[in-house]
Amino acid sequence: VPKSYRCATCNSNFGSKEALKQHRRSKHRAKELAVKFSYVAAAIVMVSYVAFSGALSSLSPAQRDRHVPDQLVMHIHARLTIVMDGREVTVPANIGISPSLWVDRSLDRYGQGGMSPLHTHDESGVIHIESIVVRNYTLGELFDVWGVSFNEFCIFDKCGGRGSVRVHVNGVLNSEYRSHVFRDGEDIKIEFKTSN
Ligand SMILES: [Zn+2]
Ligand SMILES: [Zn+2]
């Protein structure tokens, strides 16, 4: 019995292996290519999986679940202007950064990069609120960090009923004083007027 070679796709029989190959190349070329392609695709998936899991396993378990500990989740700015008897006082650079302008340290744990979460970088009056937790930061807390007295009766050394303290936020008279919560982009103006 002559051996026959059957095509698995169309069931035709061929007298030799060569004839079957020839038939498959001419009739079923697209299918042959598809099969070859699927092997290549499977190989690519396996190689990338091995590479990826290798990259993962080269991290220690601690690195894999690590929380970046001091990632900022809050970064807003407000502008502070202080006017004493008609004269604007400079809000110094580096409040909450240089040791002499960083008095109350109770908020330090919320700050990033060795800075208080409430700080200034320059003399523009821009207050930076940069925090690793989302919380309400108040005007009073800023003055505590700075180490300057501030409340409804008092600013700097002008305390003890020697004048009046007024606060405007975005041009609107504000009666919250120390408890005013900073909002992004707002303009805060504190004015002291000595009484006659
Ligand atoms: Zn900053
Ligand atoms: Zn900032």
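Buried means under 20% relative accessible area, exposed over 50%, and partly exposed in between, with a 1.4 Å probe and protein chains only. The model is predicted: local features need pLDDT of at least 70, side-chain atom pairs count only at pLDDT 80 or more, and totals for chains, interfaces and linings use all residues. Residues are numbered from 1 along each chain as its sequence is written, chains are lettered from A and ligands numbered from 1 in the order in which they are written, and side-chain values use heavy atoms, with hydrogens and water left out.

Tyr-177 counts as buried at 16% relative accessibility.

| Residue | Relative accessibility | Class |
|---|---|---|
| Phe-143 | 0% | buried |
| Trp-146 | 7% | buried |
| Phe-150 | 2% | buried |

The rings of Phe-150 and Tyr-177 have centres 6.4 Å apart and planes at 45°, so the pair is tilted. Rings of Phe, Tyr and Trp (its six-membered ring) pair if their centres lie within 6.5 Å; planes under 30 degrees apart count as stacked, over 60 as edge-to-face and the rest as tilted. Phe-143, Trp-146, Phe-150, Phe-156 and Tyr-177 form one aromatic cluster.

The zinc ion (ligand 1) is coordinated by His-119 (NE2), His-121 (NE2), Glu-130 (OE) and Glu-130 (OE), at 2.0 to 2.5 Å. Donors are N, O and S atoms within 2.8 Å of the metal (3.2 Å for Na, K and Ca); water is not among the atoms, so sites may look incomplete. Glu-130 coordinates both this ion and the zinc ion (ligand 2), the two ions being 3.9 Å apart. His-119 is buried at 0% relative accessibility, whereas His-121 is partly exposed at 37%.
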